[in-house]
Amino acid sequence: MRKILRVNMSDLSVREEDMSQSDFWLGGRGLTSRIIAREVDPGAHPLGAQNKLVFAPGSLGGLGVPCSGRLSVGGKSPLTGGIKEANAGGMAALRLSSLGLAALVVEGRPADGGPYILWVGKSGAKLLPAHNLKGLGNYELVEQLLDTSQGAATISIGPAGENCLPVAGVAVTNIEGYPARFAARGGLGAVMGSKGLKAILIEKSDNHRAGPADPESFKKICQQFAQEVSSLRKGLTQYGTANLVSLVNEMGGLPTRNYSAGKFEDADKISAGALIEKISRRGGKMGHPCHTGCVIRCSNIYNDSQGKYLTSSLEYETIALLGSNCGIGDLDAIAAMDRICDDYGLDTIEMGATLGVAMEAGILEFGDQQGAIGLLHQVGKASSVLGRLLGHGVQVAGQVLGVKRIPAVKGQSMAAYDPRVFKGTGVSYATSPMGADHTAGNLLPGKQGYSWPVRKGVARCSQVEGQWQLSEETQVITTVCDLTGLCFFIGTTRENLDYVARLFNAYYGFEAERYDVVQWGRQVLLEEIDFNRRAGFTGVDDRLPEFFQTEPLPPSGEVFDIPEKDLKKLFK
Ligand code: SF4
């Protein structure tokens with residue numbers, strides 16, 4: 001039976017409780033959102049004692065299922081004011097799952113403000129004072145923590161989280177022990193900081209999970225799934241997500257200079273080709289897995305010009321938001337900014353969008369690399385009024401600086417797909433309970449339109465008809481990935497829902513079909529939407545900013561023209 005570990009920061013106690021057998025399918029986002037929706041008052045202050053922070057591996061995590069090592073982090077978001085789940089790769093989910101833990105629930109606030117470290121191992125869990133670690137960046141912090149715990153995984157925050165900035169994310173160590181994987185979005189690092197929790201260290205242990213109900217069949221399905229996923233996702237293994245730079249630029253939807261254009265003149269300099277050339281010449285690595293058991297391996301290791309490790313992984317969203325969106329066409333500068341963000345514990349998407357509005361407001365020129373790096377330091381250290389302002393994200397910064405073009409929904413910045421061209425993703429940005437989040441329901445482009453997921457009847461990303469149905473279905477399938485711990489790069493396809501059902505049946509002795517799995521995903525989404533409604537969200541919050549409807553995007557001239565009546569149809 002899986003356990004839930006309750007960590008009370010007010011009285012510094014830790015206690016274990018059993019999870020109900022009938023909730024066997026609940027894990028990851030399903031569990032984080034269920035706990036938040038049932039236990040947190042929707043009106044609670046996100047940084048107050050009443051909010052909770054939940055960490056949960058997926059319900060298929062740690063069982064040997066390929067690509068199932070995502071860790072969900074959930075709470076009420078200081079950025080959106082609604083329910084939030086952000087998930088990360090890395091090793092923490094697998095370590096928690098091996099210990100038989102379905103979730104860690106962090107509650108209350110310490111009287112002395114902390115910081116504390118939570119140590120979790122096979123003999124239990126305990127909170128340890130960590131005043132000596134206060135203010136450390138993620139890299140130095142993790143180096144110290146892992147020094148005496150070989151094979152352990154950590155979950156941590158940098159100074160941005162300690163300063164409770166709503167742009168702060170939660171770092172997770174990857175296979176090499178670098179704090180380079182992030183549950184970045186929604187300011188959950190600030191919630192961790194508000195609880196006085198600097199880090200969680202999870203010891204490596206033998207697997208404490210019961211074996212599958214049908215071991216032969218479970219092994220066979222895992223092998224089949226691994227073969228299929230690795231052969232279908234070869235492009236991600238070879239080029240990583242950076243492959244999207246050229247593709248999205250070609251389609252005219254690459255965020256450029258604060259979403260004022262969809263094509264960037266220096267896209268070649270930040271493309272997958274340029275990335276691979278630098279990585280190979282400097283002894284870095286492509287085709288890198290962020291956790292053991294990933295057969296896609298989209299991650300990379302990026303070294304500096306001296307061949308020394310700089311950052312991992314340089315991903316499409318980071319390249320586009322800190323690059324083209326800020327008019328910066330230099331991969332080394334973007335990699336340096338990525339490293340700075342990871343060290344302070346900042347969300348690179350939110351920071352790239354925020355720097356974009358700061359540039360539009362005239363604080364810096366577009367393309368000013370050194371200026372952008374300087375601002376990131378000010379944000380990370382919260383060392384100036386401007387740094388603190390930008391640390392509140394694109395919505396607040398844009399409003400205070402008087403910028404009209406603010407690319408955000410529910411207070412959270414968009415990812416790197418302009419919704420005027422990628423209309424299905426625009427529907428997801430508008431309607432997801434998570435705010436503008438590509439990981440909630442992304443409709444990725446192909447050369448002739450949608451390549452993934454392929455759906456009959458919606459031929460082009462810019463077609464109006466059918467986008468709301470496509471978005472709703474993709475949001476449900478993505479939620480299934482998030483609750484099982486599967487990386488959504490396996491493909492948000494209907495066929496993968498059948499794999500999920502078969503894996504549950506072989507492991508848990510259940511008799512699920514695709515329909516049941518869809519209902520699980522839908523149920524989680526409806527609970528999240530209900531929490532947001534109780535927190536005060538209305539239909540007005542399910543809209544894109546007006547400029548996407550009124551400003552044609554150069555050079556395509558596209559606008560976001562999905563009618564509001566379509567946006568209202570989702571999840572009814
Ligand atoms: S596909 Fe990429 S992000 Fe997903 S688990 Fe593998 S390495 Fe991590």
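Me: How many salt bridges does the structure hold?
Reply: This is a predicted model, in which local features need pLDDT of at least 70, side-chain atom pairs count only at pLDDT 80 or more, and totals for chains, interfaces and linings use all residues. Residues are numbered from 1 along each chain as its sequence is written, and side-chain values use heavy atoms, with hydrogens and water left out. A salt bridge is a side-chain nitrogen of Lys or Arg within 4 Å of a carboxyl oxygen of Asp or Glu. The salt bridges in the structure number 35.

Me: Which residue forms a salt bridge with Glu 107?
Reply: Glu 107 belongs to a network of salt bridges that also links Arg 6, Arg 15, Glu 17, Glu 39 and Lys 52. In its salt bridge with Lys 52, the closest N and O atoms are 3.0 Å apart. Both Glu 107 and Lys 52 are buried (under 20% relative accessible area; exposed is over 50%, partly exposed in between, with a 1.4 Å probe and protein chains only). The partner of Glu 107 is Lys 52.

Me: Is Asp 566 buried or exposed?
Reply: Asp 566 forms a salt bridge with Lys 565, the closest N and O atoms being 3.8 Å apart. Lys 565 is exposed, at a relative accessible area of 57%. For Asp 566 the relative accessible area is 7%, so this residue is buried.

Me: What is the relative accessible area of Lys 269?
Reply: Lys 269 forms a salt bridge with Asp 266, with 3.4 Å between the closest N and O atoms. Asp 266 is partly exposed, with a relative accessible area of 22%. Lys 269 is partly exposed, and its relative accessible area is 47%.
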